[in-house]
Amino acid sequence: MNIERVETFAVALPTRRSFGVSGGAVAVAGQPSLRVLVKVSTDGVHGWGEATPIPAWTYETAESIVTTVDRYLAPAIVGRPAWNLDAVDSAFDRAISRGFTIGAPLAKSAVDVALHDLLGRAAGVPLGVLWGQRRSESIELGWIVSGQSPAEVGDSVAEGSDAGYRAFKVKIGLHDEDTDAAVVAAVREHAPGAPVWVDANQAYIVDAALRMARRLDAIGITAFEQPLPANDIAGLRRLREHSPVPVALDESLRHPTDLATFVRLEAVDVAIAKVQRSGGLTLSRRLCALAEDCGVRLMGSGLTDSDLGLAASLHLFAAYGIDTPVDLNGRQFIESPYAGQTVRVEKGVAQVPDSPGLGVEVDEAVVRELAVDVLEHRA
């Protein structure tokens, strides 16, 4: 069962709400949200994966993902056995060097996830059965509070509560410290007793993060995600030593070896599992297993994925029994019109799919209707 073909489709998906992080806008209401879908085919079977080009979060763009897959990754793996994910990972690293971490993780993830979907479909089983590892059947999602002021967040929390969500995540680092603290305090006021965690997306320096951590602790915040720049290992170690709130790392942990370094230096309380950041499910499973073996707690997050990415994350988190609410916020901000049978989410709880592969049926005719040429020449 050798890989015969790898295809990319940059698709424009409808955006439901605006969403931003400290680096800039992720989704803008009224404007389409670009995602790159990848289809891998072999012996009459195919699988699908997804990449989320968000320049506000990573250096990869829709254009770079399409060219990386089409001109480097696909030629490196066509003709190879589809089952040999380890050899595919090595071929990826030879085609696009890891550099300090992974090198084009979003592009590599889309192909890796498509191969997992293909293998599950070929075997007629969902990914958890393929792996022999599935510890939960459902995953609780957190509602992303998108308000930019204390007055706005009340409406956002109420909207999430009305939809059945019982946990909330707040993006900070978009304002000065006092405004950030006031926004989080407003969330706590409107969601008393609910799990609430914050994500600074690398926006702080150590002293400011320590001040913020003490303010967060006073109102019962459960985790402080990526407070400092990803490569500030010394700063994160100092923060973790003094912070009263557990320090969770996301952007710092791309390759499993990154986690090994942070564990050795005692600079991490919680490891965030994120499929696209880690270059796909192959490396994500290694990172999660390492965290478990090292006694590091796991939490889960996504990259505002459409339904293909959502399903991939659910299979991963279920395999490792992640039991805290996770940030898989794609459904909150974008639509997946290409998906037929897909992930079921009710009252903030997602059911892990039981159908073969990812468990998402892709309507290729719709994909082709949504496709745009991101490499079109622009004067």
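These legends describe close-up views of a predicted model.

**View 1. Helices H1 and H2 pack against each other.** H1 spans residues 62-77 and H2 spans residues 85-95. Their axes lie 9 Å apart, at an angle of about 140°. That angle makes H1 oblique to H2, because only values over 145 degrees count as roughly antiparallel. The crossing is right-handed.

**View 2. Residues at the contact of H1 with H2.** H1 contributes Tyr72, Leu73, Ala76 and Ile77. Facing them from H2 are Val88, Ala91, Phe92 and Ala95. By class, the contact has 8 nonpolar residues, with no polar and no charged ones.

**View 3. Helix H5 and its buried residues.** H5 (residues 150-162) has 13 residues. From first C-alpha to last, H5 reaches 19 Å, close to the 18 Å expected at 1.5 Å a residue. Val153, Gly154, Ser156, Val157 and Gly160 are buried. In an α-helix, residues three or four places apart point the same way. The buried residues of H5 pack against strand S7 (143-145), strand S8 (168-171) and helix H6 (177-190). Just after H5, Gly164 takes a positive phi of about 100°.

**View 4. Gln226, a non-glycine residue with positive phi.** Its phi is about 35°. Most residues other than glycine have a negative phi. Gln226 sits in the loop between strand S10 (224-225) and helix H8 (233-242). Gln226 is buried, with a relative accessible area of 0%.

**View 5. Thr304, a non-glycine residue with positive phi.** Here phi is about 50°. Thr304 belongs to the loop between strand S13 (297-300) and helix H11 (307-319). With a relative accessible area of 3%, Thr304 is buried.

Definitions and conventions:
Residues numbered from 1 in each chain as written. Predicted model: local features only at pLDDT ≥ 70, side-chain atom pairs only at ≥ 80, totals over all residues. Heavy atoms only, no water. Axes fitted to C-alpha atoms, helices over the stretch in contact; angles between N-to-C directions. Helix = DSSP H or I, 4+ residues; strand = E, 2+ residues; numbered from the N terminus. Parallel < 35°, antiparallel > 145°, perpendicular 65-115°, else oblique. Left-handed = near helix turned anticlockwise from the far one by under 90°. Contact = heavy atoms within 4.5 Å. Nonpolar A, V, L, I, M, F, W, Y, C, P; charged D, E, K, R; others polar. Expected span 1.5 Å × (residues − 1). Buried < 20%, exposed > 50% of the residue type's maximum accessible area, 1.4 Å probe, protein only.
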